[in-house]
Amino acid sequence: MKIMGIAATALLFTACCSQPESTVRLFDAQAFTATVEGKPVSLYTLRNGDLTMQVTNFGARVVSLWTPDRNGVAEDVVLGYESIDRYLDNGGERFLGAALGRYANRIAGGHFTLDGKEYTLPQNDNGQTLHGGLKGFDSVVWDVESATDTTIVFRYRSADGEEGFPGNLDVTMTYTLTPANEFRIDYRAETDAPTVVNLSHHSFFNLKGEGNGTILDNELWIKADSTTPVDGFLIPTGELAPVEGTPFDFRQPTVIGARIESDNEQLKNGHGYDHNWVLTREGEGVELIASLYEPTTGRVMEVLTDQPGLQFYSGNFFNGKSIGKYGRPQSYRESVALETQHFPDSPNHENFPTTRLNPGETYTHTCIYRFSAR
């Protein structure tokens, strides 16, 4: 990637949030001012309620997200980097805070068939296609259609054949901070030829604050009676497996670390939790499907969506070698991802909810992360 513009540095300044005893530190926009592949990259700041969020249009990334604890003290609860340069060449985790597409999660062997034609995609994860391929939606510069104090609207056209996917796909993605302390994501996509679409968001959360310790003491609830088991390459077998009597039963709030080291084949395949839960839904609209509680700070994050699946990842592949935006390591099992989505590898499993999108149809998807403290 060719980068031009102001060299990014970790410049910070302070600003008061709604709690007078709390301080939010914002990154200077100059640290994210650049031109990437001929398109301008910038940093944007959103505020509403108790939330303050900074995002960049490179990968439509959430760079920071500040929310208060039970005492009104705010922390940045997402992993990230302090400059655009580090996102472009970080040597660490590629997907921090990014939009995922055209197909979030994995496609087996980088192949799928649509209307009798086989499509071949780049293989970027042990022979599989992960999160859109070598250059997914996390690695492109999105156009900013509009931006206010509380909302930013991104647009991107994925050209026919990009990363092997058919059809020109026009995507609009809106990030909103609501007065109810919600980070809301609304996706829309349209195509001019039959294709497959599965969009998601990949913030890694630590409700203690980035770099502030383990997530194994967090209590997780997931409204799901089954999962889609995976093989050693994290590709679904096609089975829908009941969670009853397994370490995957989070139908009652359960400490993440309570069973993560159990002698269980699925946990061994994922090196911990890195699986898709089949959500038990009441209807087709947006509803509460998961919650995460951090006991030392009292922070709570609820997840609402209209999607059929939730990927829960327990930070199993972080090794502390990559340093986060505040100088602390991004360490093993010190973050979680809760990605609302369709199921992994759906184009290769007829029994999974379809991810096919035809001309004249509109793909829609809403994900809400709602924050509070108790």
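**Close-up views of a predicted model**

**Figure 1. Confidence along the protein chain.** For the protein chain the mean pLDDT is 93, and 93% of the residues reach 70 or more.

**Figure 2. The open sheet of nine strands.** The strands follow the order β15-β16-β17-β18-β31-β27-β26-β21-β24, and their pairing is antiparallel. At the edges stand β15 (143-147) and β24 (254-255); each has a single partner strand, so one side of each is left without a neighbour in the sheet. Eight bridges join strand β18 (residues 182-191) to strand β31 (residues 363-373) in the antiparallel sense. Tyr369 in β31 has Phe183 opposite.

**Figure 3. The largest nonpolar core and the surroundings of Trp142.** This core has 56 residues, of which Trp142, Tyr175, Ile222, Phe312 and Phe371 touch the most other members. Strand β17 (residues 169-178) contributes the most to the core, with five residues. Apart from this core lies another, of 25 residues, with Ala31, Tyr87, Leu96 and Tyr313 among them. Leaving aside residues up to four places away in sequence, Trp142 touches Asn57, Gly59, Ala60, Ala99, Phe137, Phe154, Arg155, Tyr156, Val171 and Met173. Trp142 also belongs to an aromatic cluster, together with Phe137, Phe154, Tyr156, Tyr175, Phe183, Phe205, Tyr369 and Phe371.

**Figure 4. The stacked pair of Phe27 and Tyr326.** The count of aromatic pairs in the model comes to 27. In the pair shown, the ring centres of Phe27 and Tyr326 are 5.9 Å apart and the planes stand at 25 degrees, so the pair is stacked; planes under 30 degrees apart count as such. Phe27 lies in strand β3 (residues 23-27), and Tyr326 in the loop between β28 (309-313) and β29 (337-341), so the pair ties together parts that are 299 residues apart in sequence. Phe27 has a relative accessible area of 1% and is buried. Tyr326, at 15% relative accessibility, also counts as buried, because the limit for this class is under 20%.

**Figure 5. The tilted pair of Phe248 and Trp277.** Here the centres of the rings of Phe248 and Trp277 are 5.6 Å apart and the planes are at 40 degrees, so the pair is tilted. Phe248 is in the loop between β23 (241-242) and β24, while Trp277 is in strand β25 (residues 274-279), so the pair ties together parts that are 29 residues apart in sequence. Both Phe248 and Trp277 are buried.

**Figure 6. Arginine charges over aromatic rings.** Arg259 has its charged end over the ring of Phe250, 5.0 Å from the ring centre. The charged end of Arg374 sits over the ring of Tyr293, 3.8 Å from the centre of that ring.

**Figure 7. The surroundings of Thr355.** Thr355 is placed in the loop between β29 and β30 (356-357). With 6% relative accessibility, Thr355 counts as buried. Its contacts, not counting residues up to four places away in sequence, are Tyr103, Thr195, Val196, Val197, Asn198, His342, Ser346 and Pro347.

Notes. Residues numbered from 1 in each chain as written. Predicted model: local features only at pLDDT ≥ 70, side-chain atom pairs only at ≥ 80, totals over all residues. Heavy atoms only, no water. Pairing = 2+ DSSP bridges. Helix = DSSP H or I, 4+ residues; strand = E, 2+ residues; numbered from the N terminus. Core = buried A, V, L, I, M, F, W, Y, C linked by side-chain atoms within 4.5 Å. Buried < 20%, exposed > 50% of the residue type's maximum accessible area, 1.4 Å probe, protein only. Contact = heavy atoms within 4.5 Å. Phe/Tyr/Trp six-rings, centres within 6.5 Å; stacked < 30°, edge-to-face > 60°. Lys NZ or Arg CZ within 6 Å of the ring centre and 35° of its normal. pLDDT = per-residue confidence, 0-100.
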